[in-house]
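User: Please go through this model with me as questions and answers. Give the cut-offs for each term when it comes up.

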Amino acid sequence: MSVKLSAVGQALPGDGEKIALDNARTICRAARNAGTTVTLDMEDHTTTDSTLEILRELRQDFPETGAVLQAYLRRTEADCRDLAHAGSRVRLCKGAYKEPESVAFQPKLDVDKSYVRCLKVLMKGSGYPMVASHDPRLIAIAGSLADRYGREQGTFEYQMLYGVRPDEQLRLSREGNTMRVYVPYGQDWYGYLVRRMAEKPANLQFFLRSLISKK
Ligand SMILES: Cc1cc2nc3c(=O)[nH]c(=O)nc-3n(C[C@H](O)[C@H](O)[C@H](O)COP(=O)(O)OP(=O)(O)OC[C@H]3O[C@@H](n4cnc5c(N)ncnc54)[C@H](O)[C@@H]3O)c2cc1C
């Protein structure tokens, strides 16, 4: 399960962080009872420290809880180093929010380069990297890095959004890789979609391309 802490109280004034932690604990317990794990989605950069702090707390009781790091943030390579330890599940994505230059790389090439640097740290480390990207170049690099650092299939995974590049999802899975698909569900899917569009207009292009493309 992927959870956005803003949906369970993180943004509330005052005790927001504590409320989010308590709610996230309840979700982690339910997930464990159902035989699955929770990953904390990462939102805009003003929430990164708070989300990583809640992650640290949650991992005391639920060490299987996963983190998300966003390659577009300048701080992320250092965060990868902190989190590349045994038992640590880390999803690396490019990042989906509109962020200022002071905290985030802006040119796409710089974001991609940062993604590769971060991926190296995670693949070399002893945690469990989760490669969340549809980018063919980055997926190929992830495979090469896994080989370079002697990672067996099952010690890392690929992740993509439901409906985006389904043929590639099948290809990776047929090759024996773990391929996880992110599926938004529930009644508020329309609000979710509109918020993603509002946060970054490029997301609109991303979703439209997925609608007209099967690859
Ligand atoms: C499982 C998952 C979880 C995520 N969780 C978070 C999160 O917690 N926080 C957050 O900020 N962001 C999250 N994201 C979103 C992420 O940050 C990116 O915004 C999103 O994945 C787009 O980036 P990309 O790496 O796929 O590459 P892009 O730069 O969007 O695309 C790169 C290339 O991929 C190829 N491509 C992409 N889509 C298609 C398509 N439909 N058809 C053909 N080729 C295509 C094209 O060659 C394109 O040039 C998540 C993404 C995934 C997959």
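Analyst: Contact, or touching, means heavy atoms within 4.5 Å. This is a predicted model, in which local features need pLDDT of at least 70 and side-chain atom pairs count only at pLDDT 80 or more, while totals for chains, interfaces and linings use all residues. Residues are numbered from 1 along each chain as its sequence is written, and side-chain values use heavy atoms, with hydrogens and water left out.

User: Which residues does Phe 105 touch, leaving out those up to four places away in sequence?

Analyst: Phe 105 sits in the loop between strand 4 (89-93) and helix 4; helices (H or I, at least four residues) and strands (E, at least two) are DSSP runs numbered from the N terminus. With a relative accessible area of 18%, Phe 105 is buried, where buried means under 20% relative accessible area, exposed over 50% and partly exposed in between (1.4 Å probe, protein chains only). Its partners are Ala 71, Tyr 72, Leu 73, Arg 74, Asp 110, Val 111, Ser 114 and Arg 117.

User: What distance separates the C-alpha atoms of Phe 105 and Cys 118?

Analyst: Along the chain, Phe 105 and Cys 118 are 13 residues apart. Between their C-alpha atoms the separation is 14 Å.

User: How many residues are in the second, separate core?

Analyst: Tyr 72, Tyr 97, Phe 105 and Val 111 are among the members of this second core. In total, its residues number 6.

User: Which residues are in contact with Leu 92, leaving aside neighbours within four places in sequence?

Analyst: Leu 92 is one of the residues with the most contacts inside the largest core. Its contacts are Leu 69, Ala 71, Thr 76, Tyr 115, Cys 118, Leu 119, Leu 122, Met 130, Val 131 and Ala 132.

User: Within what arc do the buried residues of helix 3 fall?

Analyst: In helix 3 (residues 76-83), the buried residues are Thr 76, Asp 79, Cys 80 and Leu 83. They line one face of the helix, because the directions from the helix axis to their C-beta atoms span a limited arc. Down the helix axis, that arc is 105°.

User: Which residues on the other side of helix 3 are exposed?

Analyst: The buried residues of helix 3 are covered by elements including helix 2 (48-61), strand 3 (67-70), strand 4 and helix 4. On the other side, the exposed residues are Arg 81 and Asp 82.

User: At roughly what angle do the axes of helix 3 and helix 4 cross?

Analyst: Axes are lines fitted to C-alpha atoms, for helices over the stretch in contact, and angles run from 0 to 180 degrees between N-to-C directions. Under 35 degrees counts as roughly parallel, over 145 as roughly antiparallel, 65 to 115 as roughly perpendicular and the rest as oblique. Helix 3 and helix 4 are therefore roughly parallel. Their axes come within 9 Å and cross at roughly 10°.

User: Are helix 1 and helix 2 roughly parallel or oblique to each other?

Analyst: The axes of helix 1 (residues 16-33) and helix 2 come within 10 Å and cross at roughly 45°. The relation of helix 1 to helix 2 is therefore oblique.

User: How far apart in space are Ala 20 and Thr 51, C-alpha to C-alpha?

Analyst: Ala 20 lies in helix 1 and is buried, at a relative accessible area of 0%. Apart from neighbours within four places, it is in contact with Leu 5, Val 8, Gly 9, Gln 10 and Ile 54. Ala 20 and Thr 51 are 31 residues apart in sequence, and their spacing in space is 9.4 Å.

User: Which residues does Asp 112 touch, not counting those up to four places away in sequence?

Analyst: Asp 112 belongs to helix 4 and counts as buried at 7% relative accessibility. Its partners are Lys 94, Asp 135, Arg 137 and Leu 138.

Terms used
A nonpolar core is a set of buried Ala, Val, Leu, Ile, Met, Phe, Trp, Tyr and Cys residues joined through side-chain atoms within 4.5 Å.
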